[in-house]
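Keep the viewer open as you read.

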Amino acid sequence: MAEERDIPQLLDESPKIPEVLPVLPLRDVVVYPYVILPLSVSREKSLKAVDTALVENRMILLLSQKQMEMDDPGSNDLYTVGTAALIMRVLKLPDGRIRALVQGLQRVRVEYFTETETMFKAKVEPIVEPELTERGIELDALTRTVKQTLEKAVALGKSLSQEVLVIAANLDAPGRLADLVASNLDLKPPQLQEVLEIVAPIPRLKRVHELLMREIDLLEVQQKITMEARGEMDKGQREYYLRQQLKAIQNELGEANELTEEIQAFRDKIAKLTVPEEILTEIERNLKKLERMHPDSSETAVTRTYLEWMTEMPWGIQSEDNKDLKLAQQILDEDHDGLDKIKDRLMEFLAVRKLRPDLKGTILCFVGPPGTGKTSLGKSVARALGRKFARVSLGGVHDESEIRGHRRTYVGAMPGRIVQALHQMKTMNPVIVLDEVDKIGRDMRGDPSAALLEVLDPEQNHTFRDNYMNVPIDLSQVLFLTTANELDPIQPAFRDRMEIIHLSSYTLEEKISISEKHLIPRQLEKNGVTKEQVSFTKSGLKALIQGYTRESGLRQLEREIGSVCRKIARKVAEEKLKSRFSLTDATIQELLGPVKLLQDERLKAPRIGVITGLAWTSTGGDVLFVEALKMPGKGALTLTGQLGDVMKESAQAALSYIRSRSEAFEIDPEVFQKQDIHLHFPEGAIPKDGPSAGLAIATVLLSVLKGIPVKNTIAMTGEIDLRGEALAIGGLKEKSLAALRVGIKDIIIPHANLKDLEEISPEVRAKLRFHPVKHVEEVFEMALTKWTCPDRRGIGQPTVVKGKVTKKPLPKPTRKK
């Protein structure tokens, strides 16, 4: 162990420097003249150099390395300006290292190196520092400034020994003062070497002053950081002290124990949250606000509820998507029978999301009659993706706050339904179905449809701001689906953000298949009945569908199946069921009573002034008879049956066309002046409107004016213009099913609707014959029993038989006596 020694005094005069000195390379230190410094020597060449110096004259050359990490530097790796030093003391350590105390003597410049295998030697030339002829006021000012700046550095926390300060205060030589200050600054080796190589004392002192001023700047910034950290610590300690005092006061008053526990619970939740900085700042602000409130105030309840919502939201939590398309196809097939085009579109949708998970895609809107599986399609999409499913019903919503949330200005305010769905699902990427968007209301409280524009717009919903939460919420990962029964009530801007997918009515065969696969098993399980106790035959299901339900979907059908199961369950419970009950068309009335719905029937025989039209309703297709009479009068046209403006205009257009062709049709023009015509659409309690009755109205008008019966085996749909052209219509599939239901197999359609035949299933097309027409006079030739158009005599019309166009004429009508 080395004994303690007093620091030797600086030498006033340097001894004579030999021409050749052993070299001691230094890694990260530079030694200046007149500076005493301890060195640790461990490298083999360095140890040899120290031994040689001790043997000769105790003088050694100290040179700094250009690269500190180099273990065995060569002559080119050393600076050529160094310090000749005197080895004052040496202490050999047990591990072979040497601790040497050296004092710098004079700057020297290396002329050349002589290297041996054991050490370096160098031929050196002493560098003589120029003497000052006279001291000017500038030098005195610079010297005083450096000394004062050094004292300021100590005041700012710079660690310097008192001996160094005393020596610096007594030094007037600028060169020695510069060397002393530089050796005590925390400079990097290149900066220390730069000062060493400056020979002139005044420029050297100026450079040291620049480095000292930079040190002062660093110390001031460091002190500022330290004070800020200490201030934060003092502030935290003060808040803790005050909070403990407040807690003691509240305990004495018997207040706020519960509130304090709630605040601590909120703090624990906050510590576990991973939220953006803006949201965390808002939570902290309201938490501090809650701490200052009285426990019984109404504002405390509002703030407490707000913090519960904020800390229970699933910030940053997302469920992982299932990317197995085969599994997705299997799920869609299990949940839904038929709907092949719809399922193909959904599979395309899922495939795109698999390839581009971050893609902001289209919002799908399922449009169709009630009970056709729109909402259940959303559930299937959620199952296929492996996400949670939420349903938000918007039917009858009038208040914009239902979407954007209520402002926190009163007790009972709450977030909008979108945020509630996220809170309930505990994930930020569920599948949310916005149900019944066509039934959204609008009044003085705002327009919910306009609020939904931001929700459904992929370019905006990543910063959706709920009025209650008052922070941006990212909805870009939510998969939104919407449902509607009709498109017309939906605002155009709202509809523009969605891709429309139409779901049509189920056919009889589809309903039977769905009943067997889904509805019957579900109702048997729900009512506790087994397949050994009741069976449903195809004839029984057909009778149930046709006699007890009339709908496009399946809801009433499922209710009737449930009614059958309940009645069987009662028989089982009362032990009155002797054997398995089989539901057939013969036994159905035993359980459900008389038939509730009388099916529409086609006309028994051709009649004058009565024609079979086809209509589309929200529950599917229907048969619509059009009746016409003429009577003495003044040429008025009377329309009854609660018709809308579109159908009234169709009737006027049809009558105008008949009048314009009265000469060709051999109709006396005075008929239109002396006869009134009455057009009636039965079931007057039901409103009727739409652009698809023009062909039927024109045909029934010609029938009553000419007295020619209309064939009872044909139905038609299509609009007419003033030129008699047949215009395209919609809902062809539903209308075709309605015609098939009443036993009509020949349907006249506009030629422009041939493309829509692909939407009709092959099973249905095989049972029907479609007759496309381009002009209403083609309809006259097909529908009237004794008519040949004067201008188109003898021209056969193309007929679509089971989906194929031929020149086969229509079958002749049959009359029933």
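**Covered helices, then the wider picture**

Eight of the 10 residues of helix H24 (residues 732-741) are buried, so the helix is mostly covered; buried means under 20% relative accessible area, exposed over 50%, and partly exposed in between, with a 1.4 Å probe and protein chains only. Helices (H or I, at least four residues) and strands (E, at least two) are DSSP runs, numbered from the N terminus. The buried members of H24 are Leu732, Lys733, Glu734, Lys735, Ser736, Leu737, Ala738 and Ala739. After H24 comes Gly743, with a positive phi near 95°.

Before going further, a word on how to read all this. The model is predicted: local features need pLDDT of at least 70, side-chain atom pairs count only at pLDDT 80 or more, and totals for chains, interfaces and linings use all residues. Numbering starts from 1 along each chain as its sequence is written, and side-chain values use heavy atoms, leaving out hydrogens and water.

Helix H15 (residues 448-456) is also mostly covered, with eight of its nine residues buried. Among them are Pro448, Ser449, Glu454 and Leu456.

Now zoom out. The protein has 26 helices and 26 strands, and 47% of its 817 residues count as buried. Its radius of gyration is 50 Å, whereas a compact globule of 817 residues would have one near 28 Å; the radius is taken over C-alpha atoms, and the globule rule is 2.2 Å times the number of residues to the power 0.38. Along the principal axes, the C-alpha atoms fill a box of roughly 150 × 75 × 55 Å. Among contacts with a separation of 6 or more, 73% join residues 24 or more positions apart, where contact means heavy atoms within 4.5 Å.

Is Ala49 buried or exposed? Ala49 is buried, because its relative accessible area is 0%. Setting aside residues up to four places away in sequence, Ala49 touches Pro22, Val23, Ile60 and Met119. Ala49 and Met59 are 10 residues apart in sequence, and their C-alpha atoms are 10.0 Å apart in space.

Asn286, in helix H8 (residues 277-291), counts as buried because its relative accessibility is 2%. A polar atom of the Asn286 side chain lies 2.9 Å from the backbone oxygen of Glu282. Beyond residues up to four places away in sequence, Asn286 touches Thr303, Tyr306, Leu307 and Arg408.

Asn485 is buried because its relative accessible area is 12%. A polar atom of its side chain is 3.0 Å from the backbone oxygen of Gly368. Leaving aside neighbours within four places in sequence, the contacts of Asn485 include Val367, Gly368, Pro369 and Lys374, as well as Glu436 and Asp438.

Finally, visit Gln330 in helix H10 (residues 325-335). Gln330 is partly exposed because its relative accessible area is 42%. Gln330 and Ala384 are 54 residues apart in sequence, with a C-alpha to C-alpha distance of 8.6 Å.

Note on methods. A polar contact is a pair of N or O atoms within 3.5 Å; within protein, one must be able to donate a hydrogen and the other to accept it, and residues adjacent in sequence count only if both atoms are side-chain atoms.
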